[in-house]
Amino acid sequence: MSELVRSIRAVRPRLHIGLARGEPIVVGEREIVPVARSVVLTLGRPGGPFAIGFVWNRPVAVLDTWRGQTRRIPIPDVTRRIMLALAASALLLTLAARHLRRRAKSKRRAER
Amino acid sequence: MSEEMQRPEGQPPEEMTPGADPVTLFFDAMTSAIGVNTVFGEPVKAGERVLIPVAETSMGGGVGYGRGTDGEGEGRAVRVGIGGGGGGGATTRAVAVIVAEPGGVTVRPIVDVGKLALAGLANAVGLWKGAMTFAKAMRKRR
């Protein structure tokens with residue numbers, strides 16, 4: 001039984017989301033610090049019989065410090081935004097069409 | 001990966017020593033894939049400007065292995081079997097370029113036209129079908 005409990009505990013998924021700052025880059029009087037977000041999903045544990053894992057790193061922003069003032073400049077992912085917009089428009093249109101079709105169908109039934 | 005070997009009892013094969021098993025190595029590889037260095041590339045100097053390439057990276061995979069013996073006995077050889085397998089993949093996509101110059105810092109986004117074209121093609125059929133159904137339903141409504 002304890003072996004079973006140990007096996008179940010071993011496959012418990014672990015999710016870690018964190019922000020990390022990189023080494024500062026100096027350009028003239030400016031200091032630039034890159035910031036990235038990491039999403040880590042793991043199943044299993046070191047030393048166990050198996051492991052499944054996924055790591056996703058994406059840029060978030062750069063911190064620009066100049067004469068004591070720090071400005072946060074976000075890094076937009078234009079490709080992802082366009083893809084999400086495409087997917088959302090396709091989904092919305094499909095849902096709207098389905099809704100209208102159902103309404104038309106129920107209206108025709110009521111007329112009969 | 002499979003292996004069968006003859007070893008005296010009490011002497012595990014090297015592959016079974018703690019810290020060197022494939023699962024631990026897999027976790028080590030995962031840990032090395034986390035961080036800012038995988039997202040922000042090496043700065044490139046171009047005159048007064050410094051260009052920093054920025055990318056989105058992802059990595060995934062799985063590994064598993066098992067081992068077994070045909071029994072234990074004092075003074076006699078033990079047959080040890082080890083088997084396992086694994087797989088994985090990694091992707092990188094350019095997101096932007098940071099242009100740092102003494103006058104200011106700007107972020108220039110990179111649009112992945114190839115990826116958008118593929119996604120657009122995949123969506124086009126759905127959009128077309130949806131639009132046709134929508135138009136038909138609107139006509140019937142009138």
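In chain B, 58% of the contacts with a separation of 6 or more are between residues 24 or more positions apart, a contact being heavy atoms within 4.5 Å. This is a predicted model, in which local features need pLDDT of at least 70 and side-chain atom pairs count only at pLDDT 80 or more, while totals for chains, interfaces and linings use all residues. Residues are numbered from 1 along each chain as its sequence is written, chains are lettered from A in the order in which they are written, and side-chain values use heavy atoms, with hydrogens and water left out.

Next, the fold of chain B. It has two helices and five strands, taken as DSSP runs (helices H or I, at least four residues; strands E, at least two). Along the sequence the order is β-α-β-β-β-β-α. Of its 142 residues, 32% are buried, meaning under 20% relative accessible area with a 1.4 Å probe, protein chains only.

Now the interface. Here 58 residues of chain B contact 57 residues of chain A. The buried area is about 4,400 Å², and carbon and sulfur atoms give 72% of it; that is the accessible area (1.4 Å probe) that two parts lose on being put together, summed over both.

Two salt bridges are counted between the chains, each a side-chain nitrogen of Lys or Arg within 4 Å of a carboxyl oxygen of Asp or Glu. Arg93(B) pairs in this way with Asp77(A), with 2.7 Å between the closest N and O atoms. On chain B, the elements that each supply at least two residues to the side touching chain A are helix 1 (22-32), strand 3 (49-69), strand 4 (77-101), strand 5 (104-109) and helix 2 (113-141).

Note on methods:
Buried means under 20% relative accessible area, exposed over 50%, partly exposed in between (1.4 Å probe, protein chains only).
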